Amino acid sequence: MSRDLYSILNVSRSADENEIKRAYRQLARQLHPDVNKDKDAAARFSEVQEAYEMLRKADTNNDGKLTRDEAKAARDQAIQKRVDTAFK
């Protein structure tokens, strides 16, 4: 089972855009591979980036309860819809 996007960023489900952005930036600074030489830092950094992108792009009607996989699937569907529309 995928981890919750909010727990990846260490924020509550009620966090607003600014709190999410602040948490992302703080974690990105801590986990960036150029700064943190821990062997797990690069993987964690990627996970944090993906969670932030999903939350940032998530549909506002989803009530914030998407897992990472669900958010990715929703994003992929939205992209496919745009592609289909563009090439009609």
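In the predicted model, Val 11 touches Tyr 6, Glu 19, Ile 20 and Ala 23, when residues up to four places away in sequence are not counted. Val 11 is located in the loop that joins α1 (5-8) to α2. The relative accessible area of Val 11 is 16%; since values under 20% count as buried, this residue is therefore classed as buried. Along the chain, Val 11 and Tyr 24 are 13 residues apart, and a distance of 9.5 Å separates their C-alpha atoms.

The packing of two helices was examined next. Two packed helices are described by the angle between their axes and the distance between the axes. For helix α2 (residues 17-31) and helix α3 (residues 41-57), the axes come within 9 Å and cross at roughly 165 degrees. Angles over 145 degrees count as roughly antiparallel, and α2 and α3 are therefore roughly antiparallel to each other. Their crossing is left-handed. On the α2 side, the contact is formed by Ile 20, Lys 21, Tyr 24, Leu 27, Ala 28 and Leu 31; on the α3 side, it is formed by Ala 41, Arg 44, Phe 45, Val 48, Gln 49, Tyr 52 and Leu 55. Grouped by class, the residues of this contact comprise 10 nonpolar, 1 polar and 2 charged.

The confidence of the prediction was also considered. The mean pLDDT of the protein chain is 81, and 83% of the residues score at least 70. Among the elements of the chain, α2 has the highest mean pLDDT, at 93, whereas helix α4 (residues 68-86) has the lowest, at 75. Where pLDDT is low, the predicted coordinates should not be read in detail.

Terms used. Residues are numbered from 1 along each chain as its sequence is written. This is a predicted model: local features need pLDDT of at least 70, side-chain atom pairs count only at pLDDT 80 or more; totals for chains, interfaces and linings use all residues. Side-chain values use heavy atoms; hydrogens and water are left out. Axes are lines fitted to C-alpha atoms, for helices over the stretch in contact, and angles run from 0 to 180 degrees between N-to-C directions. Helices (H or I, at least four residues) and strands (E, at least two) are DSSP runs, numbered from the N terminus. Angles under 35 degrees count as roughly parallel, over 145 as roughly antiparallel, 65 to 115 as roughly perpendicular and the rest as oblique. A crossing is left-handed if the near helix is turned anticlockwise from the far one by less than a right angle, and right-handed if clockwise. Contact means heavy atoms within 4.5 Å. Ala, Val, Leu, Ile, Met, Phe, Trp, Tyr, Cys and Pro count as nonpolar, Asp, Glu, Lys and Arg as charged, and the others, Gly among them, as polar. pLDDT is the predictor's confidence in each residue, from 0 to 100. Buried means under 20% relative accessible area, exposed over 50%, partly exposed in between (1.4 Å probe, protein chains only).
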